[in-house]
Amino acid sequence: MSGAGFLKIDGVATGYGATQVLKDISLSIASGEFVALLGSSGCGKTTLLRVLAGFVAPKSGIVSVRQREVTHLPPDKRGMALVFQSYALWPHMSVAQNIGYGLKLRGVASADIARRVSAMQAMLGLEGLEDRKPGALSGGQRQRVALGRALVVDPEILLLDEPLSNLDARIRLTVRHELRALQQRLGITAIHVTHDREEAMVMADRIVILDAGRIAQQGSPEEVYNRPASAFVAAFMGAENHVSLTVDVQSDTVSIAPGPANRAGQVPLSGRSLSSGPVEARFRPEAARLFSLSAETPNEPGLVFEGRVVSVTYPGGLWRHVVRLADREILADAVHPFAAGETVGVFVAAASLFLFNMSANAADSSVSRPDGRE
Amino acid sequence: MPRRLLGLLLVLPALSVIALLFILPLVMSAVGAFRVETGWGLGNFAKSFDLYLNDILFSVGIVSLSTLLIGLGAIAIGGYLTLGAHPLAVTILRWLYRWPMFIPFIVVGQILRTFLAKNGMMNNTAISLGLMTPIDAVSFLDWRGIVIAFVWKQTPFVALLVAGAMASVNREGIEAAVNLGASKLRVLAEIIVPQVTATLAVGLILSFVTMMSVLSVPLMINAQSPTMLTADIAFRVNAYGDYGVANALGLISLVLASSVAWIYLRISLRERA
């Protein structure tokens, strides 16, 4: 993407009192890029956004826009506009007044304000609502007013603090695409804080996963999804099934020793940074393939577990099975249901099996999945 | 049916207390205002306006000016408590501003009498600091003294209500305005105050009514003409035993106070519509 290093965050650390919220965050964002800051509650993603917006002063580190340092500039001198999670619309002002307030503050002539506000309303599909108060709007309309209020001042960077989390699930799905399309049409740089993995995946050019105030991994949605750098990232990206294994790494193959729930197996090393010893294996329910033990074992690199089906549910599309493997239960999907109580084999293809050394520092940015694509 | 009777029976003590101790005296006093030597008439009101028109205007003027200043003071204090960037200053202000609420009006009058007199503490301090010469010293013990006393005593009460309402204004709404470049003054005037107008109005109306009924401050600070209606009422009763004019003046005060309450009711009804 053009204009790399448009917005730079260099070694930013901050905290409240003795609690350190952000630890040495460095990030370079290109002009026009859509970056999602993804993480669970308390990981520091909103604090990072507030550092960018100028509401929290970092204890150390630098924030710069176009090589110009803005670390200690007031919020309105950074060319950034923030859309709040609660929308933070002013209840005593009409839709038009809410959207036009930023222009009024800049001393724009009132005829000009009216023109730009109605253009913004037209762009966001808010025509005819200019005289309504926020209290008389639906959640989706409020969200668009908040967006219009931020966009009307022509910011270079749009900061979005979980702007979709207060919307109905159905509206949220369409707003994702609308917001993404709008961002691309305007060519604006956007930083979007969310705890919703799918939202980050469908909206962002790049996902930055934060864990306990550090960047756990960053990359394209496809990269973080298929090549998680740590057990944390793998779990956060949906690989919730985890099993302990013992492996022996030789040149380019990983031999997996048979365990209480798994047969012996071999997967190609292909790019994983892994050493021999106990490892944590992670995989997604949809990556597991259930088969009857009487049927033939899939003939491709991967690992086979054996277990007993505990329960079956139908969330839609695939049947979801809870399968008991020795000391733990995992989730596995299948096209056809297997009966509860049935003993089954669970096959996980090499490409979908994420392996991480147990003792190693989880934050090491290692590549855990083969380079090769399926 | 017996259940209903029981309910009535339960509220009866409270109802009779209100009727006997509040409504009856009020009605008696209102009725008394229309009783003249020859029977019924408006003579007491004619006399009241003849003798005390200046005092009526003086009272309305003083209380209105005080209300305005109290409103500004309360907004300033509430605004600083909400937006103040210096945590120590905010803590000190939060701790200090409430104290005048706990001091009775008569004590306020007494304190300010010694403070505002021609050779009182205020002028003495100014003279000793070289800010003015003894010849320039003037007494503030007139309408200004009453306004100062009212503002001093009532601002904390309104500030308490207003600061509470301001604290519950959405913080993100304030940050959104700052994000767009609003100064603190504009945030206060255009974002915060419009969201607390109902609370501000209630506080100011209660203060208005309280100030209309204070006797000790005008007696202590401004025992001359023109003075406030309360002093006149006390004078009519104590010096002449003239309950007719006193009642008429009381009714005039009541009408003044309730006109403010009426304005408030109209505002709140319009807001709810």
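Reply: Happy to! Keep in mind that this is a predicted model. Let's begin where the chains meet: 13 residues of chain B are in contact with 17 residues of chain A. On the chain B side, helix α7 (residues 171-179) of chain B gives the largest share, six residues. By class, the side of chain B that touches chain A holds six nonpolar, five polar and two charged residues.

Now for the helix, α11 (residues 229-240) of chain B. Its twelve residues should span 16 Å at 1.5 Å a residue, and the end C-alpha atoms are 16 Å apart, so the two values agree. Within α11(B), the buried residues are Leu229(B), Thr230(B), Ala231(B), Asp232(B), Ile233(B) and Arg236(B). An α-helix has 3.6 residues a turn, so residues three or four places apart point the same way. Among the elements covering the buried residues of α11(B) are α2 (43-83), α10 (216-221) and α12 (243-272) of chain B. Just after α11(B) comes Gly241(B), with a positive phi of about 60°.

Chain A also deserves a glance. Its domain assignment gives domain 1 (7-226) and domain 2 (231-293 + 300-357), and the centres of these two domains of chain A, taken over C-alpha atoms, are 38 Å apart. Seven residues of domain 1 of chain A are in contact with five residues of domain 2 of chain A. On the domain 1 side, β9 (206-211), β10 (214-219) and α7 (221-226) of chain A each supply at least two residues. That side of domain 1 of chain A has four nonpolar, one polar and two charged residues.

Technical notes
Residues are numbered from 1 along each chain as its sequence is written. Chains are lettered from A and ligands numbered from 1 in the order in which they are written. This is a predicted model: local features need pLDDT of at least 70, side-chain atom pairs count only at pLDDT 80 or more; totals for chains, interfaces and linings use all residues. Two residues are in contact if their C-beta atoms, placed from the backbone, lie within 7 Å. Helices (H or I, at least four residues) and strands (E, at least two) are DSSP runs, numbered from the N terminus. Ala, Val, Leu, Ile, Met, Phe, Trp, Tyr, Cys and Pro count as nonpolar, Asp, Glu, Lys and Arg as charged, and the others, Gly among them, as polar. The expected span of a helix is 1.5 Å times one less than its number of residues. A residue is buried if 20 or more other C-beta atoms lie within 10 Å of its own, exposed if 12 or fewer, and partly exposed in between; C-beta atoms are placed from the backbone. Domain bounds come from an automatic or database domain assignment.
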